[in-house]
Amino acid sequence: MIQKRNYIYLLALLAVFFYAPLTYSQTTPPKTETKSKLFEETTTDSDFLMAIEKAGEVLESAHNDTEFDGNSHHLFGDIKRTQSKLDLILASLKGSNPNVRNQQMYGIVLKEIEQELDEQNAAINARNLALEKIKNRVIDLRKDKTLMVLIKDTIRRKQFKQELANLKNRYLSTDSLMTKNQGILNTNKRLTVERKIAVSNALIMVDTKLEKSGISMLKKEYPALWSTDSTAKKIVGQNIKAKIIIEENVAAYYLSYRAGGLITLVLLMGLLSWYIARNLKYLNNNGHAENLSQFNFKYLNKGVIIPVAVIGLNIAVVSNLYAPAMFIELIQLALLGLLTFIFKSSWSKIAMRNWVLLLVLFLVLCFLDLFIAVGFIQRCAFIIINILGIRYGFVQLKSIKDQLYIKGFFKWATIIFIGLNILALLNNLFGRVSLANMLSLTAFISLTQIVALSVLLKIVLEIILLQIYTTRVKRGIEKIFDFESLSDTLKKPFIIVITYMWVVVIASNLNFWESLRTGLAALLSHPNTIGSITFTLGNIVLFFIIIWMAHLLQNYVAYFFGEIDDENEENVNKRQHSKLLITRLVVLISGYLLAVAASGMPLDKLSILLGALGVGVGLGLQNVVNNFVSGIILIFDKPIQIGDVINISSESGRVKSMGLRTTKINAANGAEIIIPNGNLLSQNITNWTYTDNFKLVEIAIEVTGDIMPEEINAIVLESLESMQLVNNTKTPQLYYTAISEGKFNLQVKFWCSIYRTEETISSARQVLFSNFKAKGLTLST
């Protein structure tokens, strides 16, 4: 009201100013006392113009600032989208099935809408506050004495009639815009408040239904199956078609609600498909595609789309834990359908028949749970399915287990499958139907999901092996490497991931994952204090997880460069190894920095830790730090690289690996020599392969017989040119050390691979001996 009165006052003031008569007074001005002009006011026309210009600038600025910017229009769009989401969720909530999954999804969506409304309300309040500040800027024009003098002076107003008229128009335009925009903000604020009330009521309804569901699962809901109570014998009375429509609406809403995440997942899977197809196309164009059969590929050799779809659907199952029952079960069935298509050509007939039976039981179970009301028929159908499931677990699952890539988890999945079916059967008999239904669905999902995750693991390993082989082919290495031992090494971290995915899916279907997650989050986020340091268990766990992942990644990053542990000496790409070492260094440093940042350690405490570390370096860690820094220098300076043949002190051999602290050298006798990096920099190193991999070797021979030196030269050169192990791009050298009648001593020098020196020298001696003997000459070396 105060603000409104201020506006009325200002409007009246300007109205008096603009509509007052602008005529000169005809009366004789009264005589005034004669004063010195030194003490008279000296406000000039220029001062009045400046005051009018200043007021015009204030009004123009106020008008521009009152206009809604792009962020404001984006806010109004968000408000409309929130209203649409809320209308859909409230409509679905009224006619929804009392399904625990659906209620959980409603609760999560409503909480997100509530958060959106809070943010929108805060944004509206901020804009209202900004509008009030703009109003105050206009009201503050009354404090301009020069402008007020001009408004009160009826004579001078006529002189500035046009300027004041323009000022009036600016004021009216600004005032109209302020009134309009403030009305829009107030309307949206009222709507957000009304929607927050609706969301709060809906959350109460959802919580009540979830509480009733939880209570009903822990007590007897229906009479025992053998009871004569009419409830137990009740025949299905609800319209299946109507329930299908409700579930379709709920699933369609969730699909639109999660559209962004699902589209992102589809795009990522499309990118993965392109990546795999590119590698397969390269191998096919270069005639290496048939070699993939030697890697025991089961899935990538049948196309790209279906294996990638299996990966995407597995991720979709885990990332949509609170999806409606129909949505998540449709994803499960789509995943199982793709697996059936994959298994069709590779599984035995018995295993395939048992797999199809499992799918049929699961499909019937889903239909009964979603669309058939609880009654005698539904309960009997569930009992039959549970009995078949128990028999299936004891008798028929062995044939499926033999077809899987990982069999250890399947044993536990079988135990869980049989146990949950037994519990579901007992609970159904004694009237705890909701719990029985939940246990039955979880039993089948746990079994089918472990099959899907086993396939997922195999597909991921095939993708990695494909990348390694393609990279090696591009480097000119066509030899098949030991992929089985490499797969055993690679699958260890992935087994941890799929175990987590499997446990999460089971816990979510048993309806205790959210409670477990909330409890763990509370435990891990609880602040603990030791002295002046405050920390949480979550930060510590996250610190070690990031460190573990950084070390794991730096160990496995070589595989994406096509490198394997037992690489042939001549296949070593030194430049690529240098890039690999730098990549490993960057991964480790980034991992440690990210781990420190994730730990939440304050910088002042970190400086204390670094100071203590400095003391440790000064006392006993000089060698460790020296070797670490030397390792970094070796990586960037590159005096030696992996694959180089070097001599250092009394040791010689081939560089096998370079770490940040030590370097491993393979000696000729098979020993592995571990040398600290500090020693490598502090001693003289002879690097035989710094420039290339060729070495000049020498053979001393003695030729006896009737022959001229020119003929000897020709025989030697022809012999060396015929040998593939000799590098004939560099001309061999022949030096005679002694010549007598019928006897010639000479040294033969030629270039060969340093990795096959002994083999080349031996072959050269044999070829020279044979060629000279064919000429009737005697050769000794």
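Strand β8 (residues 694–704) and strand β10 (residues 743–753) run antiparallel and are joined by 11 bridges. Two strands are said to pair if DSSP finds at least two bridges between them; strands themselves are DSSP runs of E with at least two residues, helices are runs of H or I with at least four residues, and both are numbered from the N terminus. This is a predicted model, in which local features need pLDDT of at least 70 and side-chain atom pairs count only at pLDDT 80 or more, while totals for chains, interfaces and linings use all residues. Residues are numbered from 1 along each chain as its sequence is written, and side-chain values use heavy atoms, with hydrogens and water left out.

The hairpin of β9 and β10 has 2 residues between the strands, and Gly742 takes a positive phi near 75 degrees in it. In a regular strand the side chains alternate between the two faces of the sheet.

Two residues of this region, by their numbers, lead on to side-chain features. Lys730 lies over the face of Trp751, at 4.1 Å from the ring centre. A charge is taken to sit over a ring if NZ of Lys or CZ of Arg is within 6 Å of the ring centre and within 35 degrees of the ring normal. A further case is Lys474, which lies over the face of Tyr282 at 5.2 Å from the ring centre. Cys752 is buried, since its relative accessible area is 0%, where buried means under 20%, exposed over 50% and partly exposed in between, with a 1.4 Å probe and protein chains only. Cys380, at 21% relative accessibility, counts as partly exposed. How many disulfides does the structure hold? The number is 0, a disulfide being a pair of cysteine sulfur atoms within 2.5 Å.

Aromatic rings form another set of features. Rings of Phe, Tyr and Trp (its six-membered ring) pair if their centres lie within 6.5 Å; planes under 30 degrees apart count as stacked, over 60 as edge-to-face and the rest as tilted. By this rule there are 10 aromatic pairs. One of them joins Phe295 and Phe297 in a tilted arrangement, 5.8 Å centre to centre with 35 degrees between the planes. Phe295 is buried at 1% relative accessibility, and Phe297 is buried as well, with a relative accessible area of 7%. Together with Tyr469, Phe295 and Phe297 form one aromatic cluster.

Asn296 belongs to the loop between α10 (259–285) and α11. Asn296 is partly exposed, with a relative accessible area of 43%. Most residues other than glycine have a negative phi. Asn296, although it is not a glycine, has a positive phi of about 60 degrees. The loop between α10 and α11 also holds Gly303, which counts as partly exposed at 28% relative accessibility. Gly303 and Ile276 are 27 residues apart along the chain, and their C-alpha atoms are separated by 9.7 Å.

Helix α11 (residues 305–319) contains Leu313. Is Leu313 buried or exposed? Leu313 is buried, because its relative accessible area is 19%. Leaving aside neighbours within four places in sequence, Leu313 is in contact with Ile331, Ala334, Leu335 and Leu338, contact meaning heavy atoms within 4.5 Å. From Leu313 to Val266 the C-alpha distance is 9.9 Å, and 47 residues separate the two in sequence.

Among the buried residues of α15 are Phe409, Phe410, Phe417, Ile418 and Asn428. The buried residues of α15 pack against α13 (349–371), α14 (376–401), α16 (433–474) and α17 (483–509). Just after α15, Gly431 takes a positive phi of about 95 degrees.

Finally, Asn121 is found in helix α4 (residues 100–139). Asn121 counts as buried at 15% relative accessibility. Not counting residues up to four places away in sequence, Asn121 touches Lys189 and Thr192.
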